[in-house]
Amino acid sequence: MDPSRRRFLAVAGASASLALWPRLPSFAGALRGNDDVRFIVVLLRGGLDALHALPPVDDPDYARLRRDLAVTDALKLGGGFGLHPSLAFASQLYASKQFLPVVAIAPPYRGRSHFEAQDNVESGGDASAHLQTGWLSRTSAAMAGAEALAVASVAPLSARGPGHVRTWSPPFADDVDPMMLQRLQGLYASDRDLAPSFADAMQRSGDMGSSGALRLPQAMQAAATFMRANDGPRVAFVEDTGWDSHGGQAYQLKRKLGELDAGLRAFHDAAQSIWPKTVVAIVTEFGRTAAANGTDGTDHGTGGVAFLAGGAVRGGRIAGDWPGLSPSALFEGRDLHATTDLRAVFKGVLADHMGLDRGAIDRQVFPDSVGARPMTGLIA
Amino acid sequence: MTDDLKLASAYNRFGLGARPGDLDHATDPHAVLARQLSGDVGANAFSGLPASTDYLHREAVALAAARQNKRMRDDPGMSPMQDDAAPTPARQRRAGRGELREAVRAELDARYRHAATTPDGFAERLVRFWSNHFAVSLDKRPALLYAAPMEREAIRPNVFGHFDALLQAVASHPAMLRYLDNTRSVGDDSRIARRLSGKRELGLNENLAREILELHTLGVDGGYTQTDVTELARAITGWSTPAPREAIDSVPSTAFVFRPNAHEGGARRVLGRMYADSGVLQGRAILRDLAVHPATARHVSNKLARHFVADDPPKVVVDRMAQAWTRSGGALVDVYRALIDSPEAWAPDARKFRTPDDFLVAALRAMDASQPIARLQPVLTQLGEPAFTPRSPAGFPDVTTAWSGGDALFKRIQAAQRLASLPVTPDPLATARIALGAHLDDATATTLRRAESARSGLALLFASPAFQWRT
């Protein structure tokens, strides 16, 4: 079997298991806010280079800083920006006003550690908070326990906390002997740490699919398949790795951005009925240095980009304040200056799209974020 | 806590799990660990494997074959030979690639066979701790062949030495130099950069320097700045490996080369201290100071305590370890002693959730099975912890919540069934006594006794909550 077919089967397994997604009718009535909308966050781990994905083609400093690494065949968007040619589907969405880049954005963290920065994006706290729970989990809690989904084999920080967040990834092909689960039930019931996980595992005991690698397009298709169900998860989280482009960036990002574009298309195609009510937020932990380094790559920097997509987005334009790339405009002389707190975008979506009240957003979901006022006008 | 429970902890919490007979033959739990704190871990088990220098040579040959093949494809005048059996370049290239893949497989087989059979589980766990601390991923193609040799060549011989020697060995190993891009880092003011200025852009790459500070030594809150990162990066410019052209004719004599032409000369200031211009020795001197820095002592001791005792380790244990570190100038045996001499480390309620790799190795040990890992590698991949393939230089996570979600637990139950289908079927209850010792509880024992078959009993044991913990 060729690999692409195997991957297809993996996702076909995901759709087959849809009927087994546990129904939560009791929660539906209790939802605060708009209960038919969807919000999915895609975290690109490794620090996507914003200036490569969304090159500021009209900024005179761009070519100077990037030299050979400058993207010269960008798909023109207007407003001085272009999209990397691998993002062809995204540019179609842009043309139909369903794709919105937000420029010069970053979480509050200003160091250059991936892991700290990712934790900061996922926890939703300010830079010094070191919260042990994630804002997606707290969003689920704020929506009266509406269930959330994380497509990942290991629970990400965003999914940990008081809310109901399930993790899902393609299971082994093996069947599990139901008798065995029954016998294990009693044992797990008396283990304080593992009892809830086992209960969760039991619920998916019929949830069989073929095993297979989970790349971004498959993960996004699987997420859409779960989310489009009537009582499917309202909020979801998908992650991808491999964006740390210290060397050979042009080749690496051509491939990775192609995967991202395919992921967006896969989500769009699988989401169907919910696409008009959906916001997809594609984010990363930080940007990269404005100048190319010595190995045709870029190093860890500050200001990055976020992309919103979906039928609910007021797209077809560029959002955010662009500080420019002139030497005096750069942060610490080396990075794009971040002018918007990433949480402002999330908060804007939670308020105007998900219908969460401002108090819950400020106190519960994003504590210590008063300075990051919800960004307005993101939603159509 | 009785000595029976402590003995089980010596093998499980501190080791890789007990093998048949282990718990019967030992009496003093502390002595079980203390006697393992010397020697060269696994020296005999790995003596037959090629050195990194051999791999550098083989890789250069395979690369040359690939290049020649491409030239032939691009030149229509050179048609492939007609004779089917003739070694065309394409065939050579395939053979070369197959050989390299086979080499990685042989490395992993040896590593897991050793883990599954060694009597010195504590020593081996320490090796694996350091491998994950200095994480290198097979995902990065240029590092693929060297990740396992780094463990053999840089970590095993230094596990009971000073942290400085360990750090220096790792930071100058081809695996780390390639994984974190240092082989391509060139000083902006180096001879090469000046000679080639205007032609091809060559320059500094900070990746290795940053991870040394953030992950390997001080820790992210260790008080360093961006300037320290850049300065360390400059100091280790020129730290590299033999290039293919240097390794093609014969096996190179060393896997580490210092390239003065790529090195940025001049004094460097790191953490407020000046380091004179001394070529390769400059970076060595900085690493030596980082190795004994109080922030390093604290950061790494905390990680070790978290690995062995609990996700949130007792502060008093970490303090004792960090003090031993500072007092001894980073003598690792002193640090390990401070750990096992701490009563808190033996607390009856302390436990660590087995990572997928731990889970697999402990099951193999309890069953007295040493399957070639090739059969089991897909299991590790599905469970989220394929060998030497962490998703970042931070290594695999070491806390319960990262591995114990419902989906992960369900896959573990599936994996337990697979382990139970290996061609050894020991008695489940006897295996449970081996694996859990005095920690085997009545409910688990009863469940195993009622299993319909030996296989389903073994599957139940490996899927049971008791087996998921290193208690």
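Which residue of chain A forms a salt bridge with E206(B)? In this predicted model, the partner is R334(A), and the closest N and O atoms of the two residues are 3.0 Å apart.

**View 1. The contact between chain B and chain A.** The salt bridge of E206(B) and R334(A) belongs to an interface across which four salt bridges are found. Chain B contributes 58 residues to the contact, while chain A contributes 55 residues. The size of an interface is often expressed as the accessible area that is lost when the parts come together. For chain B and chain A the buried area is about 4,700 Å², and 56% of it lies on carbon and sulfur atoms.

**View 2. A stacked pair of phenylalanine rings in chain B.** In the pair formed by F134(B) and F163(B), the ring centres are 6.2 Å apart and the planes meet at 20 degrees, which is under the limit of 30 degrees, so the pair counts as stacked. Because F134(B) lies in the loop between α6 (121-133) and α7 (147-155) of chain B, whereas F163(B) belongs to helix α8 (residues 163-171) of chain B, the pair ties together parts that are 29 residues apart in sequence. F134(B) has a relative accessible area of 0% and is therefore buried, and F163(B), with a relative accessibility of 0%, counts as buried as well. Ring pairs also place these two residues in a cluster with F129(B), W130(B) and W325(B).

**View 3. Arginine side chains over aromatic rings in chain B.** The charged end of R351(B) sits over the ring of W469(B), at 3.6 Å from the centre of that ring. The charged end of R354(B), in turn, sits over the ring of F467(B), and here the distance to the ring centre is 4.7 Å.

View 4. Strand β8 of chain A spans residues 278-284, and seven of its seven residues are buried. In a regular strand, side chains alternate between the two faces of the sheet. Strand β1 (residues 38-44) of chain A runs parallel to β8(A) and is joined to it by seven bridges, with I40(A) standing opposite V280(A). Strand β9 (residues 304-309) of chain A pairs with β8(A) in the antiparallel sense over three bridges, and there F307(A) is the bridge partner of I282(A).

Conventions. Residues are numbered from 1 along each chain as its sequence is written. Chains are lettered from A and ligands numbered from 1 in the order in which they are written. This is a predicted model: local features need pLDDT of at least 70, side-chain atom pairs count only at pLDDT 80 or more; totals for chains, interfaces and linings use all residues. Side-chain values use heavy atoms; hydrogens and water are left out. Rings of Phe, Tyr and Trp (its six-membered ring) pair if their centres lie within 6.5 Å; planes under 30 degrees apart count as stacked, over 60 as edge-to-face and the rest as tilted. Helices (H or I, at least four residues) and strands (E, at least two) are DSSP runs, numbered from the N terminus. Buried means under 20% relative accessible area, exposed over 50%, partly exposed in between (1.4 Å probe, protein chains only). A charge sits over a ring if NZ of Lys or CZ of Arg is within 6 Å of the ring centre and within 35 degrees of the ring normal. Two strands pair if DSSP finds at least two bridges between them. Contact means heavy atoms within 4.5 Å. Buried area is the accessible area (1.4 Å probe) that two parts lose on being put together, summed over both. A salt bridge is a side-chain nitrogen of Lys or Arg within 4 Å of a carboxyl oxygen of Asp or Glu.
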